[in-house]
Amino acid sequence: MSFQLVLAEFVRRLEAAGHEGLRPVHGMVFQTLRTSGATSSELADRLGVTKQAAGQIVDDLEKRGFVERLPHPEGGRRRLVVLTAKAREHLAAAGHVLHDLEAQLSDRLHASGLRVPRAELAALVRTLSPDALPPLRPLW
């Protein structure tokens with residue numbers, strides 16, 4: 001429930017900042033592609049969805065100008081999905097919103113004698129998945 005509440009507030013603030021129409025799954029896609037891109041198959045593996053679902057997400061984001069498909073550096077029929085400047089602007093705005101939200105939550109919790117359990121949650125992820133991060137498993 002905590003995650004849902006924080007996510008809902010994050011989305012509300014991001015929309016208020018003028019970044020409307022994207023769902024949390026789109027942010028997960030952006031995070032996955034932000035370094036060097038990925039193929040649709042690689043994206044499907046990282047998100048824990050079917051190749052068809054990943055392809056539909058990529059099609060939608062491409063039509064909206066957030067990603068583009070480029071020839072794969074290794075050749076062949078594969079295409080590399082990469083972020084556009086529009087997606088990178090969204091990521092930057094989302095980062096600012098998230099950091100502001102986390103700081104405000106931290107201040108409010110600190111006033112109550114509590115703290116944001118970031119280190120504990122990170123340790124939990126490392127304990128439960130020591131070799132590699134699990135798929136992001138988007139919430140629809």
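**View 1. Leu33 and its contacts in the predicted model.** Here Leu33 touches Ala38, Leu43, Val67, Val81 and Leu83, leaving aside residues up to four places away in sequence.

**View 2. The largest nonpolar core, with Leu33 among its members.** This core has 22 residues. Those that touch the most other members are Val29, Phe30, Leu33, Leu61, Val67 and Leu83. Several elements each supply at least two residues of the core: helices H2 (24-33), H3 (40-47), H4 (51-63) and H5 (85-111), together with strand S2 (79-83).

**View 3. Thr39, a residue in the loop between H2 and H3.** Is Thr39 buried or exposed? Its relative accessibility is 7%, and buried means under 20%, so Thr39 counts as buried. Leaving aside residues up to four places away in sequence, Thr39 touches His72, Arg78, Arg79 and Leu80.

**View 4. Helix H1 and the glycine that follows.** H1 runs through residues 2-16, which makes 15 residues. From its first C-alpha to its last, H1 reaches 21 Å, close to the 21 Å expected at 1.5 Å a residue. After H1 comes Gly18, with a positive phi near 95°.

**View 5. A nonpolar patch on the surface.** Now look at the outside of the model, where Leu121, Leu124 and Leu128 form this patch. Together they have about 320 Å² of accessible area. Leu121 lies in helix H6, which covers residues 118-128. In an α-helix there are 3.6 residues a turn, so residues three or four places apart point the same way.

Technical notes:
Residues are numbered from 1 along each chain as its sequence is written. This is a predicted model: local features need pLDDT of at least 70, side-chain atom pairs count only at pLDDT 80 or more; totals for chains, interfaces and linings use all residues. Side-chain values use heavy atoms; hydrogens and water are left out. Helices (H or I, at least four residues) and strands (E, at least two) are DSSP runs, numbered from the N terminus. The expected span of a helix is 1.5 Å times one less than its number of residues. Patches are made of residues with over 30% relative accessible area and no salt bridge: like charges are joined within 9 Å, nonpolar side chains (Val, Leu, Ile, Met, Phe, Trp, Tyr) within 5 Å. Accessible areas come from the Shrake-Rupley method with a 1.4 Å probe; for residues, only the protein chains shown count as cover. A salt bridge is a side-chain nitrogen of Lys or Arg within 4 Å of a carboxyl oxygen of Asp or Glu. A nonpolar core is a set of buried Ala, Val, Leu, Ile, Met, Phe, Trp, Tyr and Cys residues joined through side-chain atoms within 4.5 Å. Buried means under 20% relative accessible area, exposed over 50%, partly exposed in between (1.4 Å probe, protein chains only). Contact means heavy atoms within 4.5 Å.
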